[in-house]
Amino acid sequence: MNISELMTFAVGGNPNMDPAGSLITLVIPIVLLVVFFYFMFIRPEKKRNKEMQDMLNNIQVADEIITNGGIIGRVVSVKEDTILLETGSDRTKIRILKTCVAKNNTVHETPAEVAPEPKRKKKKDGDKPTEIK
């Protein structure tokens, strides 16, 4: 054994081992860890943020909403970044930021997919209307 083999063995390596193989064994667990974190944490958080942003953009007048502070009220007006809420029977109005909305209790109907109307034949001058029997 020469000195370089002793040094490699003392550091914890195998003198007969391929250095590229040891690099792959280090990289694979790191890649798997990154993929795990993406699917467990990053992707679901992006999905929640997108749903929340869609909900905030679809708030309309007369919707019943709940704020992060627990205030329940009806929307009186919607501006770019603020909402005017009417709460209670005494009609107290509160202006809040859109980002403070936790939940929209009003269910909006999504329009159903409308099938295109069938094409109608153009009437010619000589066509007579059909009779109903």
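Here, buried means under 20% relative accessible area, exposed means over 50%, and partly exposed is in between (1.4 Å probe, protein chains only). This is a predicted model, so local features need pLDDT of at least 70 and side-chain atom pairs count only at pLDDT 80 or more, while totals for chains, interfaces and linings use all residues. Residues are numbered from 1 along each chain as its sequence is written, and side-chain values use heavy atoms, with hydrogens and water left out.

View 1. Lys50 counts as exposed, because its relative accessibility is 55%. Lys50 forms a salt bridge with Asp54, with the closest N and O atoms 3.8 Å apart; the term means a side-chain nitrogen of Lys or Arg within 4 Å of a carboxyl oxygen of Asp or Glu. The two sit about one helical turn apart because they are four residues apart in helix H2. Asp54 is partly exposed, at 37% relative accessible area. Glu45 and Arg48 pair up too, at 2.9 Å between the closest N and O atoms, and both lie in H2, three residues apart. Glu45 is partly exposed at 36%, and so is Arg48 at 48%. The whole structure holds four salt bridges.

**View 2. The open sheet.** Five strands line up in the order S4-S3-S2-S1-S5, with antiparallel pairing. Strand S4 (92–97) and strand S5 (101–104) are the edges, each pairing on one side only. From one strand to the next, the twist averages 45°. Helices (H or I, at least four residues) and strands (E, at least two) are DSSP runs, numbered from the N terminus, and two strands pair if DSSP finds at least two bridges between them.

**View 3. Strand S3 and its two partners.** With S4, S3 pairs over six bridges, including the one between Leu84 and Arg95. Four residues separate the strands of the S3 and S4 hairpin, where Gly88 takes a positive phi near 70°.

View 4. Glu86, Arg91 and Lys93 are linked by salt bridges. Between Glu86 and Lys93, the closest N and O atoms are 3.6 Å apart. Glu86 is partly exposed at 21% relative accessibility, and Lys93 is partly exposed at 47%.

**View 5. Thr87, tucked into strand S3.** Thr87 belongs to S3 and counts as buried because its relative accessibility is 13%. Leaving aside neighbours within four places in sequence, Thr87 is in contact (heavy atoms within 4.5 Å) with Ile71, Ile72, Gly73, Thr92 and Ile94.

**View 6. The largest nonpolar core.** Nine residues make up this core: Met55, Leu56, Ile59, Ile65, Val75, Ile83, Leu85, Ile96 and Val101. A nonpolar core is a set of buried Ala, Val, Leu, Ile, Met, Phe, Trp, Tyr and Cys residues joined through side-chain atoms within 4.5 Å. Helix H2 (19–57) and S3 each supply at least two of its residues. Beyond four places in sequence, Leu56 is in contact with Lys98, Thr99 and Val101.

How values were computed
Axes are lines fitted to C-alpha atoms, for helices over the stretch in contact, and angles run from 0 to 180 degrees between N-to-C directions.
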